[in-house]
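The sequence and structure are shown first.

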Amino acid sequence: FDEDIDSSDEYRDAIEIYERKLRKKTDYNMICYRGDDMFSFAITTIKKKVAAAFLARGSADEDFAYECYLNINPLISFTNAIVRPIRLSFFSEGVTRVLLFETDYIAPGKTQQFTMVNYREDLSVAVNVMNYSQSKAKKVYYNDRSDKYSVKLEPDPTKVKGKGLLYLWIETKVVSTSCRELVLYCPYFIVNEGRELLKYREAHLFSSELSEDIVTLRHDKMSERWGPSRNLPVEELESEELEEISRQDEIYNKIHMVSTSKKMNKVQIALRKTNTWSKKFSVNSADGIFSIVEKDVRRRRRDRNVIADKVSDALTSIAEIIQKKGARGEASQLRRKYEYSIRTEICGGVFNRSKILIITPRFAIKNETDQYFLLAQHDVELHPDNITHLRPQSWEYFHWADHRKPPHVIMSLSDSLSMKPFAWSGRFRIDEVRFSISLLIG
């Protein structure tokens, strides 16, 4: 080695470049056997040329010494940087594709090293994510430089309904000639911190692609039926299993993976059971407030039943029929309004290649007293569906019952049994409270 490199901080970048050159020159494959099992490793020798710390009498000033390092690495290490378990399939891409082996599940955030695969230039890998499989395997040693590329995953038609696609990315780091470090990641995650179930789609100029995530959809159905923890009764689960299930649910199952194309730009959000979508916003700078206006199906049905009962009355006059038609039209226009705040953050740790969009209801009411409170929108029918109940030392999210009414609320004390209001206060705005409120009891 003819280059002299100073080990000071000023030349640290040059040292790293020089080390990569050395690795490439001195990379070897080693095969070991244990019984019938064969293990393959990449051995890399790194030499640093440094000045001698002291000089012997009579030696020349240009004397130097070598620092030598011997690194032993697996040929391939694969990191799962998405929030779903994955499986890998390794192939030999010769004249015909030959399946070499398949791995067990790799948990989110974990890295698996492969030492029982031998080096071959035609080695390729394919990813399977929860019934989504990669349509075309990619060669591991396709490039001599660190790079990243997208992989297209298609749903298994026998297990997944719909046509949702999933585009993930694999980052390849070239450690040496035969050693690769691969990282699978999803560019965008979405977390819904509210209680209303949401759905997401990528908004293009001419079309929109619905984002499907099997685990999130399944988790939402479980939450709707059994609560946020699990779709099984608690009595049927062991304590350790219940603790692990709860941990996995809280960490991963509420995180939605959003990646329906190679270059995502804007997305839209809607309530799960409606097709009323929010405005388009950028996934890279989605910081602000958005609202979703929904038709109130339950209230519309209730008002129609009242109208049907009146129509069935033989003594109904023509004027009453006209009035009922007007009521039907007015009821069909009643729409709830859901306001959310959204912020974009960069994930940490092994997930640092991804951005996460956190969706939170804009208004939350917290009761820090030992009294029972009721909260409702002003000038709206005080039906139980339109009233927010606050128990002592609890909190609830708040949404508007009618988007046409002013954003004012009223409050009342209540008892713990009937949960009926005692006396409603005057109206006020949630975001402009600068005064105390006096409420009557009884």
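Ser124 is found in strand S8, which spans residues 123–129; helices (H or I, at least four residues) and strands (E, at least two) are DSSP runs, numbered from the N terminus. The model is a predicted one, in which local features need pLDDT of at least 70 and side-chain atom pairs count only at pLDDT 80 or more, whereas totals for chains, interfaces and linings use all residues. Residues are numbered from 1 along each chain as its sequence is written, and side-chain values use heavy atoms, with hydrogens and water left out.

With a relative accessible area of 0%, Ser124 is buried (buried means under 20% relative accessible area, exposed over 50%, partly exposed in between, with a 1.4 Å probe and protein chains only). Neighbours within four places in sequence aside, Ser124 is in contact (heavy atoms within 4.5 Å) with residues including Phe90, Glu93, Ala137 and Val140. The C-alpha atoms of Ser124 and Phe90 are 5.7 Å apart, although 34 residues separate the two along the chain.

The side chain of Ser124 also makes a polar contact with that of Glu93, at 3.0 Å. A polar contact is a pair of N or O atoms within 3.5 Å; within protein, one must be able to donate a hydrogen and the other to accept it, and residues adjacent in sequence count only if both atoms are side-chain atoms.

## Nonpolar cores

A nonpolar core is a set of buried Ala, Val, Leu, Ile, Met, Phe, Trp, Tyr and Cys residues joined through side-chain atoms within 4.5 Å. The largest has 43 residues, and Ile76 is one of those that touch the most other members. A second, separate core of 19 residues includes Met264 and Leu357.

## Salt bridges

The count comes to 11 salt bridges, each a side-chain nitrogen of Lys or Arg within 4 Å of a carboxyl oxygen of Asp or Glu. Three of them are listed here.

| Pair | N to O distance |
|---|---|
| Asp122 and Arg120 | 3.1 Å |
| Arg195 and Glu396 | 3.5 Å |
| Arg404 and Asp402 | 3.1 Å |

Arg195 lies in the loop between strands S14 and S15 and Glu396 in strand S26, so their pair ties together parts that are 201 residues apart in sequence. Arg195 is exposed at 53%, while Glu396 is partly exposed at 28%. Asp402 is buried at 3%, and Arg404 is partly exposed at 39%.

## Overall picture

The protein has five helices and 27 strands. Of its 442 residues, 40% count as buried.
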